[in-house]
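These are my notebook entries on a single model.

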Amino acid sequence: MNKWIKSSIFLVLMIAIALGSSIYKKTHKIEKCDFDGVHIKPVYQVDIILKNDAVKRFDSIYCAYMWLSQNKDAVSYVRVTDEVTGEKIDSSIAYYVDSEIITNNVNNNRAHTFLKLEDAEKHAKSYKGRIVKNPFEKIFGGGDKDEKK
């Protein structure tokens, strides 16, 4: 009977762990990239808003760019995250930096986004980077950032 009690306790514990895990997964949604399935760190998140108002979420500029290059006709606009404040901003007003800091180890993304030019310049100087053009303009086309202000 002692063996039966131990087996029963073990079974109850296993069921409790399985239920707890299931409940945790349902209540703590982990955002995954719609391109490569990698966990999205909020500071690097890119949102592509579709014409039907649905949102595609990505973990890096690279993933968003790759998805967008195949689906541009369905897209309304792109929103990136300012790495300093965490604020979501329209990609057309962001400043972009390629630096030695890798944001995604799967695809080695090194692109970073900033709302303010000063923050982009500071990041570029601190992390051996350079300010680059908006990568999404290659797909959408578009003018100079100063023309849009």
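Predicted model: local features only at pLDDT ≥ 70, side-chain atom pairs only at ≥ 80, totals over all residues.

**Aromatic pairs**

A plane angle has to be over 60 degrees to count as edge-to-face.

I turned next to tyrosine 96 and phenylalanine 136. Their ring centres are 6.5 Å apart and the planes are at 75 degrees, so this pair is edge-to-face. I traced where the partners sit: tyrosine 96 belongs to strand 5 (residues 95-98), while phenylalanine 136 is in the loop between strand 7 (130-132) and helix 4 (137-140). The two residues are 40 apart in the chain, and the pair thus links distant parts of it. I found both tyrosine 96 and phenylalanine 136 to be buried. My count of aromatic pairs under the ring-centre rule is 2.

**Positive phi**

Which residues other than glycine have a positive phi? I noted aspartate 53, with phi near 75 degrees, and lysine 128, with phi of about 50 degrees.

I located aspartate 53 in the loop between strand 1 (46-50) and strand 2 (55-58). Its relative accessibility is 65%, so I list aspartate 53 as exposed; the cut-off for that term is over 50%.

Lysine 128 is also in a loop, the one between helix 3 (117-126) and strand 7. I recorded a relative accessible area of 71% for lysine 128, which is therefore exposed.

**Nonpolar surface**

I looked up which residues make a nonpolar surface patch, and found Trp4, Ile5, Ile9 and Leu13. The area of this patch is about 440 Å². One of its members, leucine 13, I placed in helix 1 (residues 2-27).

**Interior space**

How many cavities of 30 Å³ or more does the structure hold? I found 1, and I noted a volume of about 60 Å³ for the largest cavity.

I went on to the lining of the largest cavity, which comprises 14 residues. Nearest the cavity centre are Tyr44, Ile61, Glu83, Ala111 and Thr113. Strand 3 (75-81) and strand 6 (111-114) are the elements that contribute two or more residues to this lining. Strand 6 supplies the largest share, 3 residues.

Definitions and conventions: Residues numbered from 1 in each chain as written. Heavy atoms only, no water. Phe/Tyr/Trp six-rings, centres within 6.5 Å; stacked < 30°, edge-to-face > 60°. Helix = DSSP H or I, 4+ residues; strand = E, 2+ residues; numbered from the N terminus. Buried < 20%, exposed > 50% of the residue type's maximum accessible area, 1.4 Å probe, protein only. Patch = residues over 30% accessible without salt bridge, like charges linked within 9 Å, V, L, I, M, F, W, Y side chains within 5 Å. Areas by Shrake-Rupley, 256 points an atom, 1.4 Å probe, with all protein chains shown as cover. Salt bridge = Lys/Arg side-chain N within 4 Å of Asp/Glu carboxyl O. 1 Å grid on protein atoms, 1.4 Å probe; cavity = no way out; pocket = protein on both sides within 12 Å on 5 of 7 lines; lining within 4 Å. Points joined across faces, edges and corners; volume = space filled by probe spheres on them.
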